[in-house]
Amino acid sequence: MAGFLLRRLVNYVVLALVATFLAFTLASATFDPIGVLQQRNPPPPAASIEAKKRDLHLDQPIPQRFVTWMGGVVQGDFGRTIADRPITDELGRRIGVSLRLFLLGITIGILFGVLLGVVSAIRQYKFSDYFATLFSFILLSTPVFVLGTLLKMGAQGINDSIGTNVLIFVGETTPGFQGNWFEHLGDRLQHLVVPTLAIALGQIAYYSRYQRSSMLDVLGSDFLRTAQAKGLTRRKALFKHGLRTALIPMATLFAFGFGLLVVGGTFTERIFGWFGMGDWLVTGISAQDTNITATVTLFVAVCVLFSGWLADVLYAALDPRIRVN
Amino acid sequence: MTTSELQFDAPADAVVDGPVLQVEDLHVSFPSESGRVRAVRGLSYHVAPGEVLGIVGESGSGKSVSSLAVMGLLPSSARITGSIKFQGRELIGQNDAELSRIRGRRISMVFQDPLSALTPVFTVGDQIAEAILVHRKVSKQAAAKRAVELLDLVGIPNAVERAKAFPHEFSGGMRQRAVIAMAIANDPDLIIADEPTTALDVTVQAQVLQLLETAQEVTGAGIVIITHDLGVVAGFADRLMVMYAGRAVEKGNVDEIYQQPRMPYTLGLLGSIPRLDVGEKQALVPIKGQPPSLTDLPDGCPFAPRCPMVVDACHTAEPPLMDVDGSVEHAAACIRTNEIAATDAEGAEAAVEIFGAEVAAEPEVARIPREQREIVLGLDNLVKEYPINKGVVFKRRVGTVHAVAGISFDIREGETLGLVGESGCGKTTTLMEILNLQKPMGGEISVLGTKSSEVDGKRRFAIRRDMSVVFQDPMASLDPRLTINDCIAEPMQVHGYSKDEINRRVPELMRLVGLRPEQLSRYPGEFSGGQRQRIGIARALALEPKLVVLDEPVSALDVSIQAGVINLLEELKSKLGLAYLFVAHDLSVVRHIADRVAVMYLGKIIEIGEVDSVFEAPRHPYTQALLSAIPIPDPVKERQRERILLTGDLPSPANPPSGCRFRTRCFLHASLPPEQQRQCIEVEPPRETQAADHEAACHFAQIRQVL
């Protein structure tokens with residue numbers, strides 16, 4: 001099993017390389033950082049433009065640029081931005097910001113999504129099922145920037161009624177905040193609540209629909225009846241035998257949901273002023289910066305492939321039928 | 001087994017005197033879009049301690065619903081009224097928590113489909129241990145140990161290791177054993193077995209029935225066994241209850257019901273079963289029509305629309321269950337029981353008389369001696385192997401599945417060859433090779449003298465006109481989006497029949513298979529299983545083939561419906577002079593319909609010949625075991641029969657035993673002296689002539705009567 005997963009991982013390295021190469025090539029071929037530079041007013045001197053070209057390796061053919069950049073990446077150097085700042089310095093911080101935001105949001109989304117789905121399935125066609133369905137469809141059809149704005153307004157309302165700013169919805173921390181680690185934690189939590197909710201709500205709605213249908217499949221199954229015939233109460237049979245089996249098809253969904261959200265959360269990051277990976281991608285593209293774009297793409301590729309790998313591991317853990325010898 | 005018995009309380013420790021289970025006037029109904037479905041309507045029965053009650057009926061007769069009501073496992077939408085007393089205690093109205101203390105402890109259940117009855121994600125051992133842990137305060141280790149003992153008791157070899165296996169690593173028969181182990185884990189007082197053998201192979205069916213008897217002996221529990229097959233319960237049940245449309249229509253001692261059935265429905269059920277022990281052509285009784293819709297039942301007897309004895313009085317009121325023949329035990333719900341009693345014939349013969357069933361005539365071509373008839377299909381040493389590959393990117397071959405290991409037979413004009421064997425023996429592979437018509441991996445397939453290895457695409461297409469197929473599952477083998485007309489017309493369109501010809505022929509085919517041409521514009525979903533199988537047969541006959549390949553054509557149907565389809569097939573054969581290759585695992589059906597029979601084991605034909613010769617004087621131990629495993633619907637005969645029980649399951653065809661492939665499960669081999677055993681191990685027995693048109697592949701072939 002470990003060998004199998006290791007081989008998978010090796011395959012993934014190749015795939016990540018291909019994805020990054022394509023993104024790098026595409027970005028290099030379309031971006032025109034020198035053009036942006038030349039349009040400055042007053043125009044920079046020709047010598048400095050030439051120097052910039054050399055710095056950005058624009059004199060080399062694209063594949064060679066990729067090799068040069070990749071050579072740095074292998075050693076942990078992701079190159080420099082057009083503004084000549086090392087990408088590596090910013091990368092860690094931004095990954096941290098994104099993960100903090102999304103890991104929590106998704107975890108909450110999965111937990112409550114599964115719970116809501118299970119309850120909906122067990123109480124199919126009862127009021128709570130209809131309510132959960134309505135709730136999910138409304139949330140799923142609301143774009144995240146609308147939801148984000150609504151949440152901001154709601155948070156403002158709460159703050160006003162309490163009289164202090166309990167819920168902070170701009171940035172991930174208060175600039176220049178002073179205090180011990182505990183106070184820092186509190187400050188970060190205050191910033192975290194509203195954006196996490198913005199992510200979690202959508203996720204709950206999404207997962208609950210899938211969990212509901214996968215649970216419904218299991219509800220009519222013979223083994224659930226066997227479990228009850230042994231003397232388990234319905235509730236116990238449902239959770240121990242039913243939910244455990246109904247979770248199997250969800251594993252892929254969970255894993256890829258995570259991988260895609262970390263980078264798909266551009267809107268959320270922008271709305272709440274969090275400078276994470278999604279935000280960076282937009283910044284990179286608007287600055288016509290190949291290195292940022294390629295770095296973010298590499299990160300996306302790693303996330304998605306890691307998710308695929310995680311899905312395999314989860315599957316193997318949940319379902320004995322597919323364990324490979 | 002003597003040590004195992006110690007684990008159970010003595011069977012005599014009945015807690016309460018009187019019946020274990022007493023059901024009085026039970027009604028169960030469900031809501032549906034077309035009104036309330038009254039699945040059970042006033043059912044009363046009882047089970048005494050240690051007694052075996054058989055409940056028999058077609059699908060939808062309410063037999064499963066009534067037992068799920070006893071278990072308290074019906075969905076919450078079900079409305080249940082009446083009384084279910086278990087050991088004197090009323091079960092209706094108890095909540096889930098109270099019932100769960102009885103379920104699995106005092107009443108346990110064995111379900112129909114062992115493949116889905118176990119949770120796929122937990123080990124078998126854990127699931128059995130769970131049954132103990134729910135009810136008893138014992139340590140996990142003790143429960144696990146007991147689970148292993150139980151697995152051992154139900155005959156799982158190497159139980160310590162196998163307890164750690166997951167359900168998918170068990171064969172169907174082993175899973176059913178595991179479910180039975182679970183059912184007897186807490187020494188229950190009542191075991192309900194709902195069609196426990198329906199999904200299993202005959203050899204495994206015999207093992208499971210035997211095991212249920214053992215379970216009954218060690219626990220002393222009363223057993224309710226539910227089945228649609230009267231053969232299964234003949235030797236096992238003490239009393240029988242026949243259900244129809246949610247009510248008991250006849251009940252009594254098992255001997256009485258089989259010998260003096262007093263309700264036409266019971267008669268029909270008895271008459272519809274092909275008998276393994278009847279040599280001359282027996283007429284099968286089909287019960288026409290379908291069970292009534294349970295949403296709006298007509299006044300009067302619900303069986304009246306299908307009954308051959310119906311009179312006007314039958315439509316006025318539903319007859320109650322009344323004692324017949326002056327016996328207190330035997331009761332039937334029919335106003336004409338006295339007239340049935342007046343017929344001289346017994347059991348199935350009475351059914352033939354009353355239902356007026358006839359034996360189809362022999363086809364004309366059958367009068368010509370076999371050797372002079374044309375060979376329609378010939379298989380010469382056919383081989384089919386599948387590679388076992390390993391690796392994702394670089395596949396390398398690590399083994400070979402010898403699915404079909406050199407088989408030969410021929411089918412002549414107007415003849416039916418039955419191909420039988422357990423699942424996994426290579427029947428289906430053989431069939432697929434024949435239908436494929438490609439050059440085989442080894443050997444030769446010839447259809448009407450044309451060799452499949454020598455034909456090109458055009459010729460192959462032409463041959464397909466002479467050979468058609470009817471599949472096992474009538475639900476899945478018709479496209480749900482095509483009307484019946486389109487389904488039947490399709491083969492003719494493909495083969496370039498003109499529109500006029502098709503329009504003329506389709507209604508003709510419908511009439512031929514006993515359906516009304518007015519129904520042609522309907523969709524498959526509107527037909528019952530039996531009707532759909534008739535549509536499948538009509539489609540197969542569209543191109544006027546010489547050979548029809550039938551892949552278990554009746555195994556998915558209820559017995560009463562099955563009889564109608566078998567009769568149709570026989571009639572068509574005689575009318576159209578067809579040859580059939582009839583693949584089946586049910587030997588009774590094969591005995592009824594086939595002229596010759598070939599028995600397959602692990603990719604080889606081990607015995608082949610004229611059907612009466614093979615059934616009455618089987619030479620190969622495997623054939624003998626197969627035949628002895630088939631229950632005969634006659635309680636007296638059944639109790640006297642000696643079963644040859646095969647041990648274990650079919651070995652893997654990837655790694656067949658050396659020499660004789662059957663030796664690992666062979667009772668004859670086991671009884672031989674070592675030097676003769678060596679011959680079995682080292683030399684593969686060739687197929688040798690045993691009698692006229694009767695060959696068997698066994699070094700020590702000898703006749704053994706098993707019927």
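Predicted model: local features only at pLDDT ≥ 70, side-chain atom pairs only at ≥ 80, totals over all residues.

Q: Noted. How many helices and strands does chain A have?

A: Chain A has 14 helices and zero strands.

Q: What does the C-alpha trace of chain A span along its principal axes?

A: About 85 × 60 × 40 Å.

Q: And what percentage of chain A is buried?

A: Of the 325 residues in chain A, 37% count as buried. On the contact side, take the pairs in chain A with a separation of 6 or more: 72% of those contacts link residues 24 or more positions apart.

Q: Where does UniProt put the feature "transmembrane region" in chain A?

A: The UniProt entry, which is unreviewed, places that feature at residues 99-119, 131-151, 189-207, 246-272 and 292-318 of chain A.

Q: Can we look at a couple of those? Helix or strand for residues 99-119 of chain A?

A: Residues 99-119 of chain A are 100% helix and 0% strand, and the end C-alpha atoms of that span lie 29 Å apart. Residues 189-207 of chain A also come out at 100% helix and 0% strand, with 25 Å between the end C-alpha atoms.

Q: OK, switching to the other chain. How many residues of chain B are in contact with chain A?

A: 27 residues of chain B, and they meet 20 residues of chain A.

Q: Which elements of chain B each supply at least two residues to that side?

A: α3 (96-102), β6 (107-110), α4 (124-135) and α7 (172-184) of chain B. By class, the side of chain B that touches chain A has 14 nonpolar, seven polar and six charged residues.

Q: What domains does the assignment give for chain B?

A: Domain 1 (2-237), domain 2 (264-355), domain 3 (366-601) and domain 4 (612-707).

Q: How far apart are the centres of domain 1 and domain 4 of chain B?

A: Taken over C-alpha atoms, 33 Å separate them. Their contact takes 14 residues from domain 1 of chain B and 16 residues from domain 4 of chain B.

Q: Which elements give two or more residues to the domain 1 side there?

A: α8 (202-219) and α9 (230-234) of chain B. The largest share, six residues, comes from α8(B).

Q: And what classes are the residues on that side?

A: On the side of domain 1 of chain B that touches domain 4 of chain B, there are six nonpolar, eight polar and no charged residues.

Key: Residues numbered from 1 in each chain as written. Chains lettered and ligands numbered in written order. Contact = placed C-beta atoms within 7 Å. Helix = DSSP H or I, 4+ residues; strand = E, 2+ residues; numbered from the N terminus. Nonpolar A, V, L, I, M, F, W, Y, C, P; charged D, E, K, R; others polar. UniProt positions renumbered as here; feature names shortened; annotations may be inferred. Domains from an automatic or database assignment. Buried ≥ 20, exposed ≤ 12 C-beta atoms within 10 Å, placed from the backbone.
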